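Hello,

Here is the structure for you to look over. My notes follow below it.

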Amino acid sequence: MLATLACAGAICGQQRSVKIGFVGPLTGDQASIGLDELQAVHLAVDEANRKGDVIPGCRLEVVALDDQHTPAQAVAMAKRLAADRAVIAVIGHVNSSCTLAAAPVYQRARLVQISPSSTNPEISRKGFDTFFRTCATDDIQGPQAAEFAIRKLGARKVCVIDDKTTYGKEIADRFEVRAKELGASVLLHESIVQGEKDFSPLLTRIKALGPDLIFFGGMYPEGALLVRQAKGLGLKAKWLGPDGLYVPAFIDLAKDAAEGVCCTFVGADVSGVDSAREFLNAYTKKYGTIGPFAPHAYDAARIVIDAVRRAGKVDRKAVLEEVRRTNDFPGVLGRMGFDGNGDTTLRLISVFEVRNGRFRYLGPARQ
Amino acid sequence: MSSGDVENLGTGRAGPLRAGWAALCLLLLAIPLVDRNDYHLDTLVNTGIFAILVLGLNVITGWCGLLNLGHSAFFAAGAYAYALLNARLGLPFWVCLPASTAAAALLGLAIGSCVFRLRGDYLALVTLGCGEIVRIALTNLDRVTGGPNGLIVAHPAVAVPWGRWEFGIRSVPYYYLTLAAVWLTVSISARLERSGFGRAWTAVKEDEVAASCTGINAASLKVLAFVIGAAMAGLAGWLFAGKQGFVSPESFDFVTSIMVVSMLVLGGLGSIGGALVGAAALTIVPELLRPVQEYRMFLFGAVLIVMMLFRPQGLLGGVRLAQEMRPETERVRQEEDETLAEDVRT
Amino acid sequence: MTPLEAFCQQVINGLAIGMIYALIALGYTMVYGVIQLINFAHGEVFMMGAFLGLTVFGAFAGGAWQGNSLVLAPMFIAGMAGCGALGVAMERVAYRPLRASPRLAVLITAIGASFILQNLMMFVWGPCDRSFPGFFSGAGLDLGVVRVTAMQGFIIASSVAMMVGLQVFVTRTMTGKALRAASEDMVAARLMGINVDRVISICFFIGSGLGGAGGILYGMYYNTITFHDGYLAGIKAFTAAVLGGIGSLPGAMVGGIVLGMGEGMAAGYLSSEWKNVFTFAVLLVLLLCWPSGVLRKARHE
């Protein structure tokens, strides 16, 4: 026992801190998502440092870098982290385009990369064995959302809106395909631009078509504006969206227009799980409003920390191996592991509805 | 090399200057042998790419005096030309260089032909509009361009005795490739500056009416400036796409255009050496400022204001430029106002 | 909803946003009229108005003012005065030293100022979308299927009031007349004893103040504000100013409304995602073909 401690101490002695890298947009228009995830990672790391049981004598440290939502910067930051031998894992990146650009760098450096929010299905099919992610890909959420909309809600006529991003468009496209398969008619599929404020022209057009349900593939800022302006116009259709809407900020921004809006989410009912509730409370107490991918980032960080603990040494290859072996890990999203491609095994999609200003769990999406 | 050095070259004071350039070249060639840090080399590669962009903008804005706020559109043209040829038709990197430069030059021709009649600020706004339209088109035409997802492209590869060696994501090969490209662009710029074109551009910038009287076709010169500046940006785009292995519209936005303008202003409008210095300063310094990275964007805005207020000729610009930018009398401005009023009346 | 009703709804929506564009456009046109500068940073000043209004609201929130529309008064005062002061400060620091410089130099400075302001906003108020309070809680007037919300009515009414006020100021008061004189002919105005520096400062103050008011209306209408909204809104408003004839106040007002409605029509009948391209295309066509404005000739005001 003493010998092990001494060994561990000796390994760590050369470097007091073990670094976990985080790369995401910390400035620019995607900064809110990046900061959100970074804060969740900090939370996980602080908790682990308080317990102090990861590797005796070692402190975990987060190295946060800004990729400005630019693939060129993403590569530069990835190289920077790869060059720093004290970095044994990276949580990143946030946007699919940046993750894709940086993945070859981590691959070459044998540095494990876990993305909390890059949902483009293509990334895990490129053969990067250092790539993992804790978020479900768009080819899972989209179709299941369609199943919920048509089988459970009974929608016959739907309109689809997407925000042109990798995330939103993919989900919306998959939703449309599945919805058509299930016999619904898609009256309209239009794109909006992120950062845009005024959707009344589009919504007026949709109102004239009279759909039962509108599916919005995108994030909460535009989602909130859409439902609010729809309400202002008197547009009476059910709204359904992906996990980009599943945040308190959505309800904050949309106010009473959020009532009745449904959204899907990767994982089980987070508020129903005790450990998840602890996480939610801790996050909101320290940082305020929580973002859509904070739980994913938190789980990613905890998986890394757990892997480091299991590996017992500050070595990239060992940590990589342990992450790969992650199985049935109790995350706040649910019990998860990684499949052969690095995708999360958590394929359960839940649906939530906003009732009385809060999200209420409705059930699984797949009927 | 500011405009003052053109005279110097004739008088034999060029010796120390040439030696200086030679020393710099040797130093740059030697860096990867000394510093094997991939991140450092990567930063230098980015510096080189921006340097080519700034040199291109220098032709349009520095020499011809046309403020171009949409330079990233030319950058995008070069990058996407390669991306489309590679991703859709499988053409290799080296073959696409002419296509990238040509695509960008064509775009330069198109935009230049539209704006050559305009003055100062209106011209700037139109170039801004063109830049934005290009970016939005790249995002919206997703069937062709891959939209916000972008396109994945192959890295450059060379045929070697034992098969094929791909550059991959190592920084060293890109470093030398970029160095060669920068050297090429600098040589072309220097030659242009010394040539009849260079003098004609200066004449058009100073006084277009007088220049026309000497037989200079101001319109075609302006368009030519756009074409050449754009072609250089296209070269930078080609390099950028090959290095990154990936193109997406977000790399070619208004902020990028402004960054290039900042670098040119910092280095000195019209100065080739200034272009290099500006690019180096505003690529490397932000990296050094990583600990306070929230302030990084402040830097570009501050550079523009501080330079214009206190040193409008930039770090390496000539004294003449300083006098042009901060004249003692209102005469320059009055002349501008008069020409503007004429335009409005006609 | 019949096509005609849909059309009418689009018109009303466009009118509301058009008024906001008009307020911002006035700022551009006033400054351009006097010193022929495209104040690139004006879009950011507009956004700053929204953030200042939000901060003032935050200061009053939770007290006796909760839910009371009277809080609008301090919000508007703070927003307009704050932006006015900001405009004057910018002019003193960044533009005045370059009065004699070629326009290129000043434009570059304006771009730098715009960048700094935008990042300042991001720095102070954070990068996330901020929720701006709503007023009038969705009340509205239903004219058949077409709906005019109280918010839209308020925007239209207050914008018209401000524009009328401005027109009165410019035509009836001495300072206003001095302003008009300076935009006609700066040299002559100076010779007539008009304190040109003061006139320019007032011009910036009023123009920026109106922009600030526009910002608060914008916040109230859309209920979310972000630090980078100013850039696009600024370009659209500038397009509106050129449309109506740069330098002409009534032109800016009309240009704003026309652009707002045109944009709404394009988004409603053509395509939402190309909406901004429509605006940029209008700007390009205007600057290339009708630089003095389609509606009026700038110099002959």
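Two residues are in contact if their C-beta atoms, placed from the backbone, lie within 7 Å. This is a predicted model, where local features need pLDDT of at least 70 and side-chain atom pairs count only at pLDDT 80 or more, while totals for chains, interfaces and linings use all residues. Residues are numbered from 1 along each chain as its sequence is written, and chains are lettered from A and ligands numbered from 1 in the order in which they are written.

**Chain B against chain A**

By that contact rule, 22 residues of chain B meet 24 residues of chain A. Two elements give two or more residues to the chain B side: helix H3 (38-63) and helix H14 (296-310) of chain B. Helices here are DSSP runs (H or I, at least four residues) and so are strands (E, at least two), numbered from the N terminus. H3(B) gives the most to this side, with 5 residues. By class, the chain B side has 5 nonpolar, 12 polar and 5 charged residues. The classes are these: Ala, Val, Leu, Ile, Met, Phe, Trp, Tyr, Cys and Pro count as nonpolar, Asp, Glu, Lys and Arg as charged, and the others, Gly among them, as polar.

**Chain C against chain B**

This contact takes 35 residues from chain C and 41 residues from chain B. On the chain C side, helix H4 (103-125) and helix H11 (275-289) of chain C are the elements that give two or more residues. H4(C) gives the most, with 13 residues. The chain C side divides into 25 nonpolar, 7 polar and 3 charged residues.

**Helix pairs**

Within chain B, look at helix H12 (residues 254-267) and helix H13 (residues 272-288). Their axes come within 7 Å and cross at roughly 125 degrees. Axes are lines fitted to C-alpha atoms, for helices over the stretch in contact, and angles run from 0 to 180 degrees between N-to-C directions. H12(B) and H13(B) are therefore oblique to each other. Angles under 35 degrees count as roughly parallel, over 145 as roughly antiparallel, 65 to 115 as roughly perpendicular and the rest as oblique. Residues making the contact include B:Met259 and B:Leu266 of H12(B), and B:Gly274 and B:Val277 of H13(B). The contact holds 9 nonpolar, 4 polar and no charged residues.

In chain C, the axes of helix H1 (residues 3-35) and helix H10 (residues 249-270) come within 6 Å and cross at roughly 140 degrees. H1(C) is therefore oblique to H10(C). The contact of H1(C) with H10(C) has 15 nonpolar, 11 polar and 1 charged residues.

**Chain A: sheet and domains**

Chain A has an open sheet of 7 strands in the order S7-S6-S8-S9-S10-S13-S14, with mixed pairing. Strands pair if DSSP finds at least two bridges between them. The edge strands are S7 (185-191) and S14 (358-364) of chain A. From one strand to the next, the twist averages 25 degrees. Strands S10 (residues 262-266) and S13 (residues 349-355) of chain A run antiparallel, joined by 5 bridges. A:Val266 has A:Ile349 as its bridge partner in S13(A).

Chain A is divided into domain 1 (2-136 + 272-336) and domain 2 (139-266 + 349-364), with bounds from an automatic or database domain assignment. Their C-alpha centres lie 31 Å apart.

Best wishes
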